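Dear colleague,

I am handing over the structure we spoke about, together with some notes on what turned up in it. Please read them alongside the model itself.

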Amino acid sequence: MRKVTPLLAVMALAFGLHDVQAEEIRVFGQNMQNYYWNYDKTSRTSSNSVDVSNYSSDAGRAVKTRRIVNTLTGVNADIYAFCEVEACSIILEQLADSLTLYSPYRYAAVSDGISYTFNDGNDNHLKSGFIYRTDKVRPVGSNTAGSTSTYYRDVMRIQAFEALSSGERFILSMNHFKSGDTESDATNRATRATQLVSTLNTLTTDPDILPLRYLTFYANADFKTGKGNYKEPYIHDFM
């Protein structure tokens, strides 16, 4: 099995073309900025940097969903990998159904078994997840975590996919490491990258691995040391 280096694991990839024996698999990854179905159960759908993410009604959620879908249909990817979506099944299912409605293809959400209860005193219930084009690829095996740490096991997710036409497979990893410009934040990012590399190097489904990470960029960022805040646009900035 091909080993993954820490450098590869922390690279930011918003868009990739995975070549599976001359078959192109289009992969798109993006932060959804607190995309919640149960907006009334969290404080995270307020004070967001993009106005459309500050919703407190079904109508507001529908506006954000439609703006996301408008952009995704232009991307026309075979697999979408997202972070900062609510840690429940319905949010990605809703997004897959909406994308199916407004595109020529059928999409489905990868089941990950992640859920939470509203009475545990924490409204920071986020995860990373995948939706895919059902006539192009299929998920293989179980959806797994790239970390055993609380919270990071939900936002560092791994899924293998198989191209339907060729039977070739590859492993996709979507990660949301902690942003921030403190020494502690930089150490935390390094720790999560190490955990991810260790996990990826134990997988045997296929030697081809595509790690994606949401990377924020600010002017005070230092790529050499890993310190600083990194910020890239949210998907609904462009809609």
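This is a predicted model: local features need pLDDT of at least 70, side-chain atom pairs count only at pLDDT 80 or more; totals for chains, interfaces and linings use all residues.

For the protein, the pLDDT averages 81, and 77% of the residues score at least 70. Two stretches call for care in reading. Over residues 1-15 the pLDDT stays under 50, and the model has 39 contacts for this stretch beyond four places in sequence. Residues 217-221 likewise have a pLDDT below 50, with 16 contacts in the model beyond near neighbours in sequence.

Turning to the charged side chains, a search of the whole structure finds eight salt bridges. Which side chain does Arg133 meet in a salt bridge? The partner is Asp78, with an N to O distance of 3.5 Å. Because Arg133 lies in strand β5 (residues 126-133) and Asp78 in the loop between α2 (58-75) and β3 (79-86), the pair ties together parts that are 55 residues apart in sequence. Both Arg133 and Asp78 are buried.

Asp78 also forms a salt bridge with Lys136, where the closest N and O atoms are 3.2 Å apart. This second pair again links distant parts of the chain, since Lys136 sits in the loop between β5 and β6 (137-145) and Asp78 in the loop between α2 and β3, 58 residues apart. Asp78 itself has a relative accessible area of 3%, so it counts as buried.

A further salt bridge joins the side chains of Arg138 and Glu162, at 3.1 Å from N to O. Here Arg138 belongs to strand β6 and Glu162 to strand β7 (residues 156-163), so the pair ties together parts that are 24 residues apart in sequence. The two partners can be described by their accessibility: Arg138 is partly exposed, with a relative accessible area of 35%, while Glu162 is buried, at 12%. As for shared partners, salt bridges join Asp78, Arg133, Asp135 and Lys136 into one network.

Finally, the cysteines. How many disulfides does a search of the whole structure find? The search finds zero. Cys83 is buried, with a relative accessible area of 0%, and Cys88 also counts as buried, at 11% relative accessibility.

Terms used
Residues are numbered from 1 along each chain as its sequence is written. Side-chain values use heavy atoms; hydrogens and water are left out. A disulfide is a pair of cysteine sulfur atoms within 2.5 Å. Buried means under 20% relative accessible area, exposed over 50%, partly exposed in between (1.4 Å probe, protein chains only). A salt bridge is a side-chain nitrogen of Lys or Arg within 4 Å of a carboxyl oxygen of Asp or Glu. Helices (H or I, at least four residues) and strands (E, at least two) are DSSP runs, numbered from the N terminus. pLDDT is the predictor's confidence in each residue, from 0 to 100. Contact means heavy atoms within 4.5 Å.
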